[in-house]
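Trainee: I would like to go through this model with you, one point at a time. Where shall we begin?

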Amino acid sequence: MRLMQWLSLGLVLAAMAAGQSATAQFNSIVFEEDFDSLTLGDSVNERLGFPLVTRLETDTDSAPLPGVFTATAPSGWTVDNALATYQGAPTVGNAGVPGTGDSAVGVAEFDGWTFLDKDFWSDAAGDQRRSEFTNASGTVAVVDPDEYFDEFAGPDDLGYFNSGLTTPSFSVAPGNFFNLTFDSSWRNESFDDGHPDALIEDLNNQAVEVLVAYDNGTVVTLDAWNSDPASGAFKPDEVEVEVSPGVFEDVPTNVTNEALAYTFGAAPGATSAQIQFNIANAGNDWWWALDNINVDNIITSASVLSEDFESLPLGDSVNERISLVPEKVTAVESDPDTTARPDSFTQTPPAGWNNDNSQVAGVGDPQVGVEEWEGWSFVTPDFWAFTEGGAREEFTKGTGVIAVADPDEWDDLEGDIGGGEINGPANIAPFDATLETPAIDITGVAEGELAIAFDATWREEGIQTAVLTADYADGNGPIEVLRWESAGGDPTFFTDDLLNESVLLRLDNPAGATEVTFAFRLFDAGNNFYWGIDNIQVGAIPEPATGGLLLIAVSALGVARRRG
């Protein structure tokens, strides 16, 4: 599945009713941690000598440095020096930090995740680019296997290094979106260290993962990277650049000083979550360090409502009928052996919306196509599932009344459309339908801060394509802000089935724009599958104070975007 990337740091939602606008700020800090409140104690093995040395605590020719280190995490946080998995698989060779807690093994200041004065960390380690972490200040969280294996028993005697750092638990609920931001410093190294098990030798591949772990057992990876150049998840600390014809140099990247951001939603059925920062499979490699960790609740169920289609009156079904058996059948409305299903559907949109089904072949002709699905329709989830199943019942985020474009049901016949129970031309044109919002007043929304959120269900097949556009009435026409294509389309935009999705898009609205109209279009579809939406909200996401990149994208439970 292709997931585009995005970032957000707050949300103002605007009502979508025609001729009306309203705003409300919904941005609350769930927690923030810069580690500066921790009480730092004396160093243990990194000591004042000539000038700094790594020695046993009992060494009489050196002295500890005061106020530079603690292994005690902030309240509610936990350190796991027995970490045994990475990306769901067992860690290589051994679990945890070898020799953890043994004063004669490893450098105590780097025994798993620890918390260090930033300058002390850089000085004690001989810098080696640690001082490049300028986004950090005061106390930082550090996991540094390079320093842990210094002076004492080395990796050939111990094993590989695995440690996890977990935040406090915080509440989540349906409709919640959260934004995680933090500053990060990383250097990569791999495939060059021994292990007590000779079969594991040189399999070290220092790797990290950022996870959201929910209380119902769901675990979502927000990001994961490693030190293997052959991996698609490789994050290099330097790259080879041709500085002049035929002359190449290794040029440092910015991974020693990154500002990262990730947004995620609430897993179905979960009531709380925690963030996990794990490092795994490291030998005498380099480090990962963190500072300024924040989680914001950026959209809540208390937000100003845009459109959930609940106010629409529904009428009886037409071709999706109940037979005398009883069972569901697709039949002409006049079939005497069937009855309509009451209060099931309408194709009349909310006030101010435009339901353009004019490009659907045979629209309005009772002898062509299944009438309930001639373009965008508004239906109850129960009625939609009643018609066929096909995983439609998995769209549990859609409730009450939902908007559906379903060419699979429109062409619910025995062969090509027109060849089954309802008559019509055999080579009818593909399904093409568009649902447009009213013109939404966005006066006062700053350039690049517009956002739209909605729940969605999508099943791909054929060359079926779903597109969302934004038109700012500035003469430049609609701008495409989302595209999902089936496997038969452009592989760049291929999107696998998303059956119960929460989507949040950050848009590049132009300066001075005072209105926007969104259009949801499903096209190039025949007897394929569907796109359903519900709970549409529009508003603004203020630009982060740190500055940001152009952000245009879409979330499943979690998607990442680098801030700098």
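Salt bridges, patches and backbone

Mentor: Begin with a pair: the side chains of glutamate 258 and lysine 235 meet in a salt bridge, 2.8 Å from N to O. A salt bridge here is a side-chain nitrogen of Lys or Arg within 4 Å of a carboxyl oxygen of Asp or Glu. This is a predicted model, where local features need pLDDT of at least 70, side-chain atom pairs count only at pLDDT 80 or more, and totals for chains, interfaces and linings use all residues. Residues are numbered from 1 along each chain as its sequence is written, and side-chain values use heavy atoms, with hydrogens and water left out.

Trainee: How many residues apart are glutamate 258 and lysine 235?

Mentor: Glutamate 258 sits in strand 19 (residues 258-265), and lysine 235 in the loop between strand 16 (219-225) and strand 17. Helices (H or I, at least four residues) and strands (E, at least two) are DSSP runs, numbered from the N terminus. The pair links distant parts of the chain, and the separation is 23 residues.

Trainee: Is lysine 235 buried or exposed?

Mentor: Buried means under 20% relative accessible area, exposed over 50%, and partly exposed in between (1.4 Å probe, protein chains only). Lysine 235 has a relative accessible area of 4%, so lysine 235 counts as buried.

Trainee: How many salt bridges does the count come to?

Mentor: Side chains of opposite charge can pair when their charged atoms come close. By the 4 Å rule, the count comes to 13 salt bridges.

Trainee: Which helix holds aspartate 146?

Mentor: Arginine 130 forms a salt bridge with aspartate 146, with the closest N and O atoms 2.9 Å apart. Both arginine 130 and aspartate 146 are buried. Arginine 130 lies in the loop between helix 1 (118-124) and strand 11, 16 residues from its partner. Aspartate 146 is in helix 2 (residues 145-148).

Trainee: Which residues are linked with Arg130 in a network of salt bridges?

Mentor: Asp146 is one of them.

Trainee: What is the relative accessible area of arginine 483?

Mentor: The side chains of arginine 483 and glutamate 485 meet in a salt bridge, 2.6 Å from N to O. Glutamate 485 is buried, because its relative accessibility is 7%. Arginine 483 is buried too, with a relative accessible area of 18%.

Trainee: Which residues gather in the patch of negative charge?

Mentor: Patches are made of residues with over 30% relative accessible area and no salt bridge: like charges are joined within 9 Å, nonpolar side chains (Val, Leu, Ile, Met, Phe, Trp, Tyr) within 5 Å. Strand 17 (238-244) and strand 18 (247-252) each supply at least two residues of the negative patch. Glutamate 238 lies in strand 17, and counts as partly exposed because its relative accessibility is 36%. The patch on the surface is Glu238, Glu240, Glu249 and Asp250.

Trainee: What area does the nonpolar surface patch have?

Mentor: Strand 17 gives the largest share of this patch, 3 residues. Valine 239 is found in strand 17, and is partly exposed at 35% relative accessible area. Accessible areas come from the Shrake-Rupley method with a 1.4 Å probe; for residues, only the protein chains shown count as cover. Val239, Val241, Val243 and Val247 make a patch of about 250 Å².

Trainee: What is phi of phenylalanine 35 near?

Mentor: Most residues other than glycine have a negative phi, and most peptide bonds are trans. Phenylalanine 35 lies in the loop between strand 2 (28-33) and strand 3 (46-48). Phenylalanine 35 is buried, with a relative accessible area of 0%. Its phi is positive, near 70°.

Trainee: And where is phenylalanine 191 found?

Mentor: Phi of phenylalanine 191 is near 55°, again a positive value in a residue other than glycine. Phenylalanine 191 is partly exposed, at 38% relative accessibility. Its place is the loop between strand 14 (177-186) and strand 15 (207-214).

Trainee: Which residues does threonine 139 contact, leaving aside neighbours within four places in sequence?

Mentor: Threonine 139 is in strand 11 (residues 139-143). Threonine 139 counts as buried, because its relative accessibility is 5%. Contact means heavy atoms within 4.5 Å. The partners are Asp34, Phe35, Asp36, Leu40, Phe115, Leu116 and Asp291.

Terms used: Lys and Arg count as positive and Asp and Glu as negative; His and the chain ends are not counted. The place of a charge is taken as NZ of Lys, CZ of Arg, CG of Asp or CD of Glu.
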